[in-house]
Amino acid sequence: MEIKDSELILNPDGSIYHLNLLPHQLADTIITVGDPDRVDAVSKYFDEIEFKVHKREFKTHTGSLNGKRISVISTGIGTDNIDIVFNELDALKNIDFETRTVKKELTSLEIIRIGTSGAIQPEIEIDSFLVSEKAIGFDNLLHFYGDTSFLEEDFSEAFVSQTNLNSKKSKPYVVSADEKLLKKFFSEKFRQGITATNVGFYGPQGRVLRLKLEDGKMNNKIQNFNFKGKKITNLEMETSGIYGMARLLGHRAISLNAILANRANGTFSKNPEKTIESLIKSTLEIIAK
Ligand SMILES: O=P(O)(O)O[C@H]1O[C@H](CO)[C@@H](O)[C@H]1O
Ligand SMILES: O=c1cc[nH]c(=O)[nH]1
């Protein structure tokens with residue numbers, strides 16, 4: 001069935017609405033970063049760059065490293081942007097823009113987030129790396145889609161009851177990383193953890209500057225929450241959306257976190273750029289050997 005102009009929106013040059021990309025400009029391995037400046041910090045390691053495209057917060061460089069074609073794209077902040085980026089990345093691969101129909105043969109993308117995050121457990125060191133084996137999303141995005149039987153309801157239920165979560169807040173959803181990609185990052189360099197994805201950086205992550213919180217004990221509750229011996233390790237703003245959208249669309253995703261803050265200890269990295277740079281190098285070594 002033909003997808004209407006109001007749903008699949010193409011720019012006058014045939015590129016997709018927000019990302020501004022044409023189908024041939026996207027690789028099958030994609031690195032997502034939050035900050036548009038981080039795109040250059042990744043692509044400077046490529047052997048060659050084929051395309052550079054930029055619109056709003058969505059900046060893409062496609063090139064290759066050691067013979068592997070890779071696109072690196074900035075998503076900006078938050079799972080609302082993840083909804084846009086994942087739908088448009090999928091459309092670029094799996095929808096024929098000429099006929100406006102879904103292709104018969106679908107391509108599964110490999111997607112790696114290189115992001116920053118704050119630890120919630122005191123023993124997690126600043127400037128260390130964490131790979132998210134699971135995400136718990138406080139962001140509501142997945143609740144707008146059907147076919148979410150892969151969500152881990154028992155985990156969500158346990159969280160709601162152990163923390164006495166205010167029913168005005170959306171029910172958190174839980175989704176796991178791609179197993180094969182998770183295995184690729186099994187190493188001493190990467191601690192495995194469960195990542196909480198929040199709808200904001202301040203109140204939703206329990207930060208107080210001038211405003212009072214609805215539940216001032218929530219970060220303590222998150223720290224103490226335990227499901228079958230597993231604890232939530234860190235807070236950020238995209239992983240649940242990335243894991244959920246990847247599952248829905250048939251892609252494979254992994255989220256890597258440079259731990260810049262430790263919320264339990266009240267500390268922050270003295271050199272965040274160095275830590276991010278080091279995570280970028282370690283990631284490229286693993287995905288483009
Ligand atoms: O460094 P990035 O990838 O943007 O990730 C983290 O940093 C931002 C907040 O400072 C949020 O996007 C959060 O998820
Ligand atoms: O504490 C932090 C650090 C980075 N990104 C976040 O979302 N939270």
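Predicted model: local features only at pLDDT ≥ 70, side-chain atom pairs only at ≥ 80, totals over all residues.
Q: Which residues surround ligand 1?
A: A residue is near a molecule if its C-beta atom, placed from the backbone, lies within 6 Å of it. Around ligand 1 stand V33, G34, D35, I77, G115, T116, F201, E236, M237 and E238.

Q: How does the shell around ligand 1 divide by class?
A: Ala, Val, Leu, Ile, Met, Phe, Trp, Tyr, Cys and Pro count as nonpolar; Asp, Glu, Lys and Arg count as charged; the others, Gly among them, count as polar. The shell of ligand 1 has four nonpolar, three polar and three charged residues.

Q: Which strands supply the shell around ligand 2?
A: Strands (E, at least two residues) and helices (H or I, at least four) are DSSP runs, numbered from the N terminus. Strand 7 (110-119), strand 11 (232-236) and strand 12 (252-262) each supply at least two residues. Strand 7 gives the most, with three. The shell includes T116, S117, G118 and F201. By class it has five nonpolar, four polar and one charged residues.

Q: What does the UniProt annotation cover?
A: UniProt positions are given in the numbering used here, feature names are shortened, and annotations may be inferred rather than shown by experiment. In an unreviewed entry, "domain: Nucleoside phosphorylase" covers residues 30-267. That span is 25% helix and 33% strand, and its end C-alpha atoms lie 32 Å apart.

Q: Which strands pair with strand 10?
A: Two strands pair if DSSP finds at least two bridges between them. Strand 8 (residues 129-137) pairs with strand 10 in the parallel sense, over eight bridges. There, L130 stands opposite R191. Strand 11 also runs parallel to strand 10, joined by four bridges. T197 has E236 of strand 11 as its bridge partner.

Q: Is helix 6 buried or exposed?
A: A residue is buried if 20 or more other C-beta atoms lie within 10 Å of its own, exposed if 12 or fewer, and partly exposed in between; C-beta atoms are placed from the backbone. Helix 6 (residues 239-249) has ten of its eleven residues buried, so it is largely enclosed by the rest of the structure. Among them are T239, Y243 and L249. G250 follows helix 6, with a positive phi near 80 degrees. Strand 10 (residues 190-197) is also mostly covered, with six of its eight residues buried.

Q: What do the buried residues of helix 2 pack against?
A: Two residues are in contact if their C-beta atoms, placed from the backbone, lie within 7 Å. The buried residues of helix 2 pack against several elements, including strand 1 (29-33), strand 10 and helix 6. I82, V85 and F86 are among those buried.

Q: Why does E48 count as exposed?
A: E48 counts as exposed because it has 10 C-beta neighbours inside 10 Å. E48 lies in strand 2 (residues 48-55). Leaving aside neighbours within four places in sequence, E48 is in contact with G63 and S64.

Note on methods:
Residues numbered from 1 in each chain as written. Chains lettered and ligands numbered in written order.
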